Each structure stands twice: as structure tokens, then as C-alpha cells.
Amino acid sequence: MSDLTSRLALVIGTSFGMMSIGAGTARSGLLGTEGRKGVSALYAKVVFPVVVFRGVAAINLVGIDASVLLVMLAAKYTVAFAGVALGCVLLGRVHKKLALAHGAMWGMAVSHSFDVTLGVPIATVLYPANLPYVFLNQTMQLVLVNPVLLCLIELAKSSNTSTARLLATIIRGVCTNPLVVMTVLGLASAYYLPDGLPLLISTLGKQVADAGQFLGFASLGFAMAAIGSTTIDEACHCVLLCALKIGATPLLYQLYATAFRCNAGSEMLVFLGSLPASASVFALSLTSDFSPKVLGPLVPSSLLLTVALVLLPRAAVPIRMALAASAILAARFLLLRSRSPSVPAPKLANKTT
């Protein structure tokens, strides 16, 4: 085994180990429901924003290729709105107006990646010179893509709320989101403090961020342990979203790179596009009850596919072909189901950890 493969295996092995600790803690009852919620909230609202802040603040903005940012934004918007459209089409009959909210959550799931928690450790081994782009991949999502999708969710949920009040609620929510705030502060620090953060802030940030890896994967383990049974329809929806996330998104990165004459390495762009769905989106879907049984299985399944693509690069084409075939079969099944809506969808015992 080569040194590179050994380092990758170590990163991925420890990631799954931390996730297993979280799942085991949840299943054993060592931490109660409220305790797990508290740990996840601490990670999502304090630790993870600090991790993002430190990463973004360390970026040398002068050396950033703007065309790569355009590629990221175009690919993310394309796949996000493909997810929105897919959700509206497949769920419109059941959820009516709320299908838009479900679709927006699907769009967020297929465009928002596990960039920092998983992407950064892997990129540190494979693409150390391009590490800033992993943080910027997250930044584009948090600042420019997620707010639009959150607007669609609020729009679908609103009934008699005035447009002005709705917009005020959305803007307030976005502006007070810890991830958005710390991302913007990180960008400001990168611009105004190019020589680095003050020592006290840098040291404090490092001490907080050092807990990020464990808390992030443990929280993912908590979430996965809470997933119950899912119907075959929901499993098919998950397969279609996985095909969008792992199959279509890397192709979009390459397509837009050609369109914008981006000179970034193709392998790095494919890596950015192949990162798995984020556990934070699943957590949001769980608390809002918008397709959690679809997005729950999406996180570990896309994670496993990403790991396979990273460790087995020569098998990338067969893996993507198998994923495409699975999506075609899932779409065919859903089409047949739509012609016989009176038949209830059976459930699958799907305990993901």
C-alpha cells in the first residue's frame, strides 16, 4: 500500500470511527435525546462556524481563480434547482403547495456538500495546494445558494403572511445564521488581515475548531441512529438524489469549467463535485420534517460512494455507471407507481448508521 493510500485510509477510517462512536452512543442510551441535541447544537451553532471562519480567514484571496468560483456557483445552482424541480414533480400530488419546501430541501441536499468536515481532511492529502477552494465551495453554498433555497421553503410554508413580513423573516434568519455570519467575518479577515489573525483570536479559534472533527462526525452518528423505516418510494427518491449529487454534479463542474475556460485541474473539480451530502442539511430536514427519510439515507450512501471514488479512482466509471443504472430503475419504478396510486408503498427496514 502506497503512502498516499495509507494516509487516505487513515483519514477515512478515523472519520467512520468517530461516526460509529456517535451512533453507538445514541443506540446505547449513554447520551439521552436532549444530550445528543445539545451536542449537535453546540457543533452546528458554535464549533462548525468557527472551523469555517478559520479556514476562510486563512485564504489568500489574491491568488484565487475567479473562474473556479463561477464554476462552483453555476454547478451548484443548476443541481440545486434540478433537485427543487424533481421534488415538486414527484411530491406535488401528495404534499401540494408544500412540495416546493420539500423540493427546496432536496435542492439543498444535492448542492450542499460535506466540504469542511470530510472534504478538508481528504483534500489535505490529495490536493493541499487547492485547499482554499474546499472552503470556498462551502462559502458559495452558505452565502449565495442556501439563502435562495431557504426563501423557497419559507414561501411554501407561508399562507397569509405579507410579502414584506416574509422577506423580513428570511433576511433576519439568513443574517443571524452563525455559519453565514462567521463565513462573512472570515472573508473580511482574509481581505483586511492578509498577514493572519491576531494571536489571541487565532489560538482561541484553533482550540474551539480542534473539537470540530469529532463533534461533527459524532453528530452525524447521532442522526443516522435516529433514522427509522423508509418506504420503497422514499428509497427511490434517495437513489435519484444520490445520482444528482455524486453522478451529475461532477459532470456539471467539468462542463462549466469548459464553458468558463477555467484552468483548474479537472481532478480537483471532480473531487469538489463528488463530495457527499451534508449532515447539517439532514438535521434541518429532520427538525422541519421535510423529507428526513429521504435525506437521511442520502448522507451515508453518498458518503460511501465518495469514499469508494477516492480510494478506487480506477473504478470511478463503473461506479458512476452503476449509479446511473440504479437511478434509471428507480425512475422507472416511480413512473409505474404513479400509474397505480392506490397501491400503498411498502416499507423497508432501513437502519442506517
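Reader: What is the N to O distance in the salt bridge where the side chains of K157 and E154 meet?

Author: A salt bridge is a side-chain nitrogen of Lys or Arg within 4 Å of a carboxyl oxygen of Asp or Glu. For K157 and E154 the N to O distance is 3.6 Å. The model is a predicted one, in which local features require pLDDT of at least 70, side-chain atom pairs count only at pLDDT 80 or more, and totals for chains, interfaces and linings use all residues. Residues are numbered from 1 along each chain as its sequence is written, and side-chain values use heavy atoms, with hydrogens and water left out.

Reader: Where do K157 and E154 lie?

Author: Helices (H or I, at least four residues) are DSSP runs, numbered from the N terminus. Both K157 and E154 belong to helix α6 (residues 131-157), where they are three residues apart, about one turn of the helix.

Reader: How many salt bridges does the structure hold?

Author: There are three. One of them pairs D210 with K206, whose closest N and O atoms are 3.0 Å apart; K206 is partly exposed, at 43% relative accessibility. Another joins D233 to R337, with the closest N and O atoms 3.1 Å apart. D233 lies in helix α11 and R337 in helix α15 (residues 316-338), so this pair ties together parts that are 104 residues apart in sequence. D233 is buried, with a relative accessible area of 17%, and R337 is buried as well, at 14%.

Reader: Which residues does C236 touch?

Author: Contact means heavy atoms within 4.5 Å. Leaving aside residues up to four places away in sequence, C236 touches A330, F333 and L334. C236 is found in helix α11 and is buried, with a relative accessible area of 10%. Between C236 and V184 there are 37 Å in space, C-alpha to C-alpha, and 52 residues in sequence.

Reader: How many disulfides does the structure hold?

Author: A disulfide is a covalent bond between the sulfur atoms of two cysteines; here the criterion is a pair of cysteine sulfur atoms within 2.5 Å. The structure holds zero disulfides. The sulfur of C151 has its closest cysteine sulfur in C175, 11 Å away, which is too far for a bond. For C238 the closest cysteine sulfur is in C242, at 6.0 Å, again too far for a bond. C151 is partly exposed, at 28% relative accessibility, whereas C238 is buried, at 7%.

Reader: What is the volume of the largest cavity?

Author: Rolling a probe the size of a water molecule over the atoms shows where empty space is left. A cavity is a set of points, on a 1 Å grid over the protein atoms alone, where a 1.4 Å probe fits but cannot get out, and lining residues have an atom within 4 Å of a point. Grid points are joined across faces, edges and corners, and a volume is the space filled by probe spheres set on the points. The count is one cavity of 30 Å³ or more, and the volume of the largest cavity is about 30 Å³.

Reader: Which residues line the largest cavity?

Author: The lining consists of K76, V79, V110, S111, S113, K245, T249, Y253 and L272. At least two lining residues come from each of α3 (66-95), α4 (99-111) and α11 (232-259), and α11 gives the largest share, three residues.

How values were computed
1 Å grid on protein atoms, 1.4 Å probe; cavity = no way out; pocket = protein on both sides within 12 Å on 5 of 7 lines; lining within 4 Å. Buried < 20%, exposed > 50% of the residue type's maximum accessible area, 1.4 Å probe, protein only.
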